[in-house]
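Thanks for coming. I will go through the charged pairs in this model, then finish with the surface.

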Amino acid sequence: MRDVLLILLAALAGAAVVWLPAALLLRLLHRRSLTLNVCVLLVATVLALLAGVLAVAEGMFISPHDLHVLLVVVPLSGLVSLLIGGWVAWRLARSAMWAADARERERQVEASRRDLVAWVSHDLRTPLAGIRAMAEALEDGVVSEPAAVAEYHRRIRTGTDRMAALVDDLFELSRINAGALALSPVDVPLGEVVSDAVAAAAPVAATRGVRLVADGDWPVVRAGERELSRIVANLLLNAVRYTPADGTVTVTGGRDAEGGWLAVADTCGGIAESDLPHVFDVAFRGAKARTPDADGGGGLGLAIVAGLVEAHGGRVGVANTAAGCRFEVHLPAAPA
């Protein structure tokens, strides 16, 4: 019994010599990576075991032959444990980082959802209040002159169209976010899509005094025709909306090593550098200079563009130019 007690005390003393500085080191490294902490823990465990064996051997409780065997087995076992433990710690660290990234994305999505609800509520409430007021005025006979009645009818139709467009944007965005967007890619001549979009945007541009220019070596791309038309139309209307009178919106296109590309450049004066990374966020409107007026959308157009482009396996980006900003879309080219 006395020998067992002495062996126990010698092993504890040897382990304490290692674990006291190891505990201090672990305390200093508690904010460092999980992999580093686990590796230090494993190394300290193996060294504590060796220190205990040496302390017991020093008390003549282990024969020289047995000590030699232990000094071979323990380091080899410790090395294997260190390699496996380091790999497991690396996997755990990656999982922890993934979980942290997932929580951060969830927070960002929730913040975007709140912003979207706030923007949409505002954009729906404003035309609804106007439509209600004009409808009550017509119902009560406050407005009776034919010209005034016709003007009220026109404003009601305009407000209804704006709300319908906003609802369409919400529906499209919900399909993209839910992964329910069913694409039917076909070979689409990009020039024809651009021509149709320019013709549709021409009345709005003319009203604002903005000049539209389309020029490019238009490729044939592989895309859903309806979705591609939506991409081009949203980019054009966004550029026209933010371009001041006497400005120019230029649409160009071509083919490169990645496939087909389309660029829409305006003369809006540029976007704040701090806003550039958020231009395609849901409900983002940026600084006052980039905030649409009464006929603007709910801040969903560019988010829809980004979602549709990504669904096609392409990419979209924005950069400032000397006179304004330039949106560039890359899409897969149709097979030769």
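Arg-155 and Glu-151 have side chains that meet in a salt bridge, at 3.0 Å from N to O; the term means a side-chain nitrogen of Lys or Arg within 4 Å of a carboxyl oxygen of Asp or Glu. This is a predicted model, where local features need pLDDT of at least 70, side-chain atom pairs count only at pLDDT 80 or more, and totals for chains, interfaces and linings use all residues. Residues are numbered from 1 along each chain as its sequence is written, and side-chain values use heavy atoms, with hydrogens and water left out.

Both Arg-155 and Glu-151 lie in helix 4, residues 146–177, and are 4 residues apart, about one turn of the helix. Helices here are DSSP runs of H or I, at least four residues, numbered from the N terminus. Glu-151, Arg-154 and Arg-155 are linked in a network of salt bridges.

Also in helix 4, Asp-161 and Arg-157 are 4 residues apart, and their closest N and O atoms are 3.1 Å apart in a salt bridge.

Buried means under 20% relative accessible area, exposed over 50%, and partly exposed in between, with a 1.4 Å probe and protein chains only.

The count by this rule comes to 7 salt bridges.

Last, the surface. Trp-90, found in helix 3, residues 64–140, is partly exposed because its relative accessibility is 42%.

Key:
Helix = DSSP H or I, 4+ residues; strand = E, 2+ residues; numbered from the N terminus.
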